[in-house]
Amino acid sequence: MGAAERTWNTQQTNRSARLVRASAALGSHLHGKVVAAGAIGELLHQVVESGDRVCLEGNNQKQADFLAASLAGLDPARVNGLHMLLSVLALPEHLDVFERGIASKLDFSFSGPQAGRLAKLATSGKLDIGAIHTYLELFGRYFVDLTPRVALVVAEAADRHGNLYTGPNTEDTPAIVEATAFKSGIVIAQVNQIVDTLPRVDIPADWVDFVVQSPTPYYIEPLFTRDPAQISEIQILMAMMAIKGIYAEYAVERLNHGIGFDTAAIELILPTYAASLGLKGKIARHWALNPHPALIPAIEAGFVESVHSFGSELGMEEYIRARPDIFFVGPDGSMRSNRALCQAAGHYACDMFIGSTLQIDLQGNSSTATLGRISGFGGAPNMGADARGRRHVSPAWLKAGAQAGAGADGMPRGRKLVVQMVETFREHMQPAFVERLDAWELAEQAGMAIPPVMIYGDDVTHILTEEGIANLLLCRTPEEREQAIRGVAGYTAVGRGRDRAMVENLRARGIIRRAEDLGIDKRDATRDLLAAKNMKDLVRASGGLYAPPKRFRNW
């Protein structure tokens with residue numbers, strides 16, 4: 001067939017055929033773009049074809065739960081072999097489609113709540129994992145070789161034309177919809193309500209094909225809320241070492257915090273301990289971060305100047321509305337988050353990522369994928385990676401680069417700070433430090449080409465435990481690096497295997513620094529340093545604007 005005879009619009013033709021089928025099958029259950037909730041199964045049977053790539057919006061927080069359940073309820077004799085694209089496997093329905101034979105292949109980023117079940121399905125051959133991605137990587141592939149044929153997304157509200165209002169939890173919606181709508185795909189949106197006038201338009205109607213009001217509001221997880229009452233004195237000590245030994249040392253102004261009590265402790269001693277060191281206005285000014293309630297006291301104290309968010313957090317809506325100088329707030333008064341843009345900010349615009357992990361090996365490689373659990377990585381590999389394309393400078397970036405040393409050609413360059421902050425033993429006394437990551441065995445069991453490493457050791461600059469800080473930037477040989485890690489690994493088998501003389505030499509050179517080396521008296525690491533000691537204190541600090549979810553209310 002010559003070029004002149006080739007058909008160039010097969011995708012558009014196929015899309016039109018699907019829309020015609022849907023219109024004919026739905027009849028009176030379809031009004032413009034609005035579909036009756038009871039007809040959603042029929043709609044999916046008409047517009048989803050076997051073998052399709054289907055992107056189902058499952059985020060860190062908001063879930064297209066009604067559409068997920070409807071997809072899992074399809075007849076596998078009519079629709080099967082789907083290739084599912086999900087940021088987060090959060091709901092049972094996200095994996096039900098594989099057990100029922102509706103889907104067969106999966107590309108995803110994170111699977112925390114479903115990690116155990118996912119491992120069983122993968123090792124039993126019931127689903128084929130294409131890859132475990134970072135969020136940015138997965139979003140990028142939507143526009144290259146994993147473009148969705150059908151996108152099932154979620155929003156706060158729609159008008160009768162199909163315009164969408166995503167509210168504070170925009171998260172992944174723009175990336176998913178744009179990739180699908182501009183490659184002749186079909187976009188179906190689940191919304192909490194259909195209204196005449198929206199507060200603002202986040203996704204225009206001509207990018208959306210169908211809208212359905214779900215019987216109940218979509219599920220949303222308060223993923224980033226940590227009760228200060230559960231923060232331990234060990235975590236406070238680690239937070240003190242982080243602030244004095246890393247934040248102050250490098251003058252870190254732009255950063256991202258991982259999820260957890262370790263980083264919540266840092267946030268809660270900024271207005272007390274960091275202020276006592278004269279660090280206000282010098283550290284932690286600009287954040288790529290969800291609106292953590294634990295950050296409220298630092299915002300009120302004037303430490304924080306701006307926060308751009310991946311998603312929102314339940315109960316923070318009125319506080320955000322009252323602090324538009326800090327958050328990215330629209331004229332309607334609600335925040336607009338954006339996971340793709342915030343991931344890009346965390347990768348390129350931040351000087352430091354500090355987060356936790358489950359296992360660290362002797363080279364500093366870390367992973368949250370352990371035996372029996374494939375939890376994925378989320379955004380950590382982008383946050384916790386040196387952005388090789390970065391070209392703008394900052395004091396923190398330049399100092400880290402100088403400590404790492406020039407390249408083989410003598411060319412100076414900067415370096416992102418990537419800090420792994422862990423207690424030497426995790427829950428159930430599982431050691432955080434191991435000779436060999438479980439990821440090796442997991443790769444063999446699941447038939448993966450490479451072990452699922454979350455953050456590679458050559459990206460890690462510091463490891464912080466209750467034993468001290470290991471500055472890996474200053475290590476000049478693999479042996480020094482290993483002993484620096486062993487030197488902060490405490491009484492784990494890895495820690496007990498240290499070369500004591502070499503560790504003391506590393507300490508003398510400032511590569512390992514204990515609390516006392518930093519001038520920190522461990523007796524000062526008490527809960528008195530916390531700017532808020534419980535959830536009620538956070539409400540008070542917000543001036544009554546913060547409304548914690550019910551499960552966090554104990555008064």
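I started with Met84. Setting aside neighbours within four places in sequence, I find Met84 in contact with Val54, Leu56, Leu71, Val97, Phe98, Ala103, Lys105, Leu106 and Asp107. Contact here means heavy atoms within 4.5 Å.

Before going on, I noted the ground rules. The model is predicted, so I take local features only at pLDDT of at least 70 and side-chain atom pairs only at pLDDT 80 or more, while totals for chains, interfaces and linings use all residues. Residues are numbered from 1 along each chain as its sequence is written, and side-chain values use heavy atoms, with hydrogens and water left out.

**Cores**

Which residues touch the most other members of the largest nonpolar core? They are Met84, Ile188 and Ile374, in a core of 82 residues. Helix H3 (residues 65–72) gives the largest share of this core, five residues. I count as a nonpolar core a set of buried Ala, Val, Leu, Ile, Met, Phe, Trp, Tyr and Cys residues joined through side-chain atoms within 4.5 Å. Buried means under 20% relative accessible area, exposed over 50%, and partly exposed in between (1.4 Å probe, protein chains only). Helices (H or I, at least four residues) and strands (E, at least two) are DSSP runs, numbered from the N terminus. In soluble globular proteins, nonpolar side chains tend to be buried together.

I looked at helix H2 (residues 40–47) next. Six of its eight residues are buried. These are Ile40, Leu43, Leu44, His45, Gln46 and Val47. They pack against helix H1 (10–26), strand S2 (34–35), H3, strand S7 (150–159), S9 and strand S10 (210–213).

In helix H5 (residues 115–123) I checked Leu121. Leu121 is buried, at 3% relative accessible area. Beyond residues up to four places away in sequence, Leu121 touches Leu95, Glu99, Lys126 and Leu127. Glu99 is 22 residues from Leu121 in sequence, and the C-alpha atoms are 8.1 Å apart.

**The sheet**

I traced an open sheet of eight strands with mixed pairing, in the order S13-S12-S11-S14-S17-S18-S19-S20. Strand S13 (306–308) and strand S20 (512–513) stand at the edges with a single partner strand each, so one side of each has no neighbour in the sheet. Two strands pair if DSSP finds at least two bridges between them.

How many bridges join strand S17 (residues 417–421) to S18? There are three, and the two strands run parallel. Gln420 has Ile463 of S18 as its bridge partner. S18 and strand S19 (residues 468–471) run antiparallel, joined by four bridges. Thr465 stands opposite Gly468 in S19.

Strand S18 (residues 462–465) is covered on both faces. His462 and Leu464 are buried on one side, Ile463 and Thr465 on the other.

**Pocket and cavity**

On a 1 Å grid over the protein atoms alone, a cavity is a set of points where a 1.4 Å probe fits but cannot get out; a pocket is an open set with protein on both sides within 12 Å along at least five of seven lines; lining residues have an atom within 4 Å of a point. Grid points are joined across faces, edges and corners, and a volume is the space filled by probe spheres set on the points.

The second largest pocket holds about 540 Å³. Its lining has 27 residues, and Ala131, Ile132, Phe377, Ile450 and Pro452 lie nearest its centre. Strand S6 (residues 128–132) gives the most to this lining, five residues. I sorted the lining into 18 nonpolar, six polar and three charged residues. For this count, Ala, Val, Leu, Ile, Met, Phe, Trp, Tyr, Cys and Pro are nonpolar, Asp, Glu, Lys and Arg are charged, and the others, Gly among them, are polar.

I found one cavity of 30 Å³ or more. The largest cavity has a volume of about 50 Å³. Residues lining it include Phe224, Arg226, Glu267 and His292.

**Loop residues**

Buried or exposed: which is Asn169? Asn169 is buried, at 3% relative accessibility. It sits in the loop between strand S8 (164–165) and helix H7 (173–181).

Ser184 is not a glycine, yet its phi is positive, near 65 degrees. Ser184 is buried at 13% relative accessible area. His428 also is not a glycine and has a positive phi, about 60 degrees. His428 is exposed, at 73% relative accessibility.
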